[in-house]
Amino acid sequence: NYAVEDYKELMESASVKPVVNQIEINPFLYRKNTIGFFKEQGVALQSYRSLRDGKAFDNPVVVAIASKHGRSPAQVLGRWCVQHEFIYIPKSVKE
């Protein structure tokens, strides 16, 4: 869960760079500069909160895309991550 500044500070004393960094990424929070920086460093990005805790499931654009392709909003958001080359591991919650 490193921001660019955190990563730079880490690399001042680390001898091995991280392979993966987990940050919040989804169609509603696309950190272009951060993503670009880590791609340049060769660090894979894992999407944290890809599904936005379900808050995007009612978004009209997401719902329209899901309906058009016969998929759920969760599947649409997951596919977005995969298409943008982010590691996608959905969170499961049981109550």
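**Chatting through a loop and its neighbours**

Trainee: Let's start with aspartate 53. Where does it lie?

Mentor: Aspartate 53 lies in the loop between β2 and α3. Helices (H or I, at least four residues) and strands (E, at least two) are DSSP runs, numbered from the N terminus. Before we go on: this is a predicted model, where local features need pLDDT of at least 70 and side-chain atom pairs count only at pLDDT 80 or more, while totals for chains, interfaces and linings use all residues. Residues are numbered from 1 along each chain as its sequence is written, and side-chain values use heavy atoms, with hydrogens and water left out.

Trainee: Got it. Is aspartate 53 buried or exposed?

Mentor: Aspartate 53 counts as exposed because its relative accessibility is 54%. The cut-offs are under 20% relative accessible area for buried, over 50% for exposed, and partly exposed in between (1.4 Å probe, protein chains only).

Trainee: And what is its phi?

Mentor: Phi of aspartate 53 is near 55 degrees, a positive value in a residue other than glycine. Arginine 49 also has a positive phi, near 60 degrees, and that residue is in the loop between β2 (44-48) and α3 (60-69).

Trainee: Which side chain meets aspartate 53 in a salt bridge?

Mentor: Arginine 49 does, at 3.1 Å, N to O. The criterion is a side-chain nitrogen of Lys or Arg within 4 Å of a carboxyl oxygen of Asp or Glu. Shared partners join Glu24, Arg49 and Asp53 into one salt-bridge network.

Trainee: How does glutamate 24 come in, then? What is the N to O distance to arginine 49?

Mentor: The side chains of glutamate 24 and arginine 49 meet at 2.7 Å, N to O. That pair links distant parts of the chain, with glutamate 24 in strand β1 and arginine 49 in the β2 to α3 loop, 25 residues apart. Glutamate 24 is buried because its relative accessible area is 17%, while arginine 49 counts as partly exposed at 23%.

Trainee: How many salt bridges does a search of the whole structure find?

Mentor: The search finds 3. One of them joins glutamate 85 and lysine 39, at 3.9 Å, N to O. Glutamate 85 lies in the loop between α4 (73-83) and β3, and lysine 39 in helix α2 (residues 32-41), so the pair ties together parts that are 46 residues apart in sequence. Glutamate 85 is exposed at 64% relative accessible area, whereas lysine 39 is partly exposed at 43%.

Trainee: Switching to the sheet. What is the strand order?

Mentor: The sheet is open, has 3 strands in the order β1-β2-β3, and shows parallel pairing. β1 (20-24) and β3 are the edge strands, each pairing on one side only. Strands count as paired if DSSP finds at least two bridges between them.

Trainee: How many bridges do β1 and β2 have, and which residue stands opposite glutamine 22?

Mentor: β1 and β2 pair in the parallel sense over 5 bridges, and glutamine 22 stands opposite glutamine 46 in β2. Also in β2 is serine 47, which is buried, with a relative accessible area of 2%. Its C-alpha atom is separated by 9.8 Å from that of glutamate 85, 38 residues apart along the chain.

Trainee: On to aromatics. How many pairs are there?

Mentor: A search of the whole structure finds 6 aromatic pairs. Among them, phenylalanine 37 and phenylalanine 38 are edge-to-face, 5.2 Å centre to centre with 85 degrees between the planes. Rings of Phe, Tyr and Trp (its six-membered ring) pair if their centres lie within 6.5 Å; planes under 30 degrees apart count as stacked, over 60 as edge-to-face and the rest as tilted. Phenylalanine 37 is buried at 15% relative accessible area, and phenylalanine 38 is buried at 0%.

Trainee: Which residues do ring pairs link into a cluster?

Mentor: Tyr7, Phe37 and Phe38. Elsewhere, arginine 52 lies over the face of phenylalanine 28, at 4.8 Å from the ring centre; the test there is NZ of Lys or CZ of Arg within 6 Å of the ring centre and within 35 degrees of the ring normal.

Trainee: Last one: where is isoleucine 89?

Mentor: Isoleucine 89 is in the segment after β3 (87-88), and counts as exposed at 53% relative accessibility.
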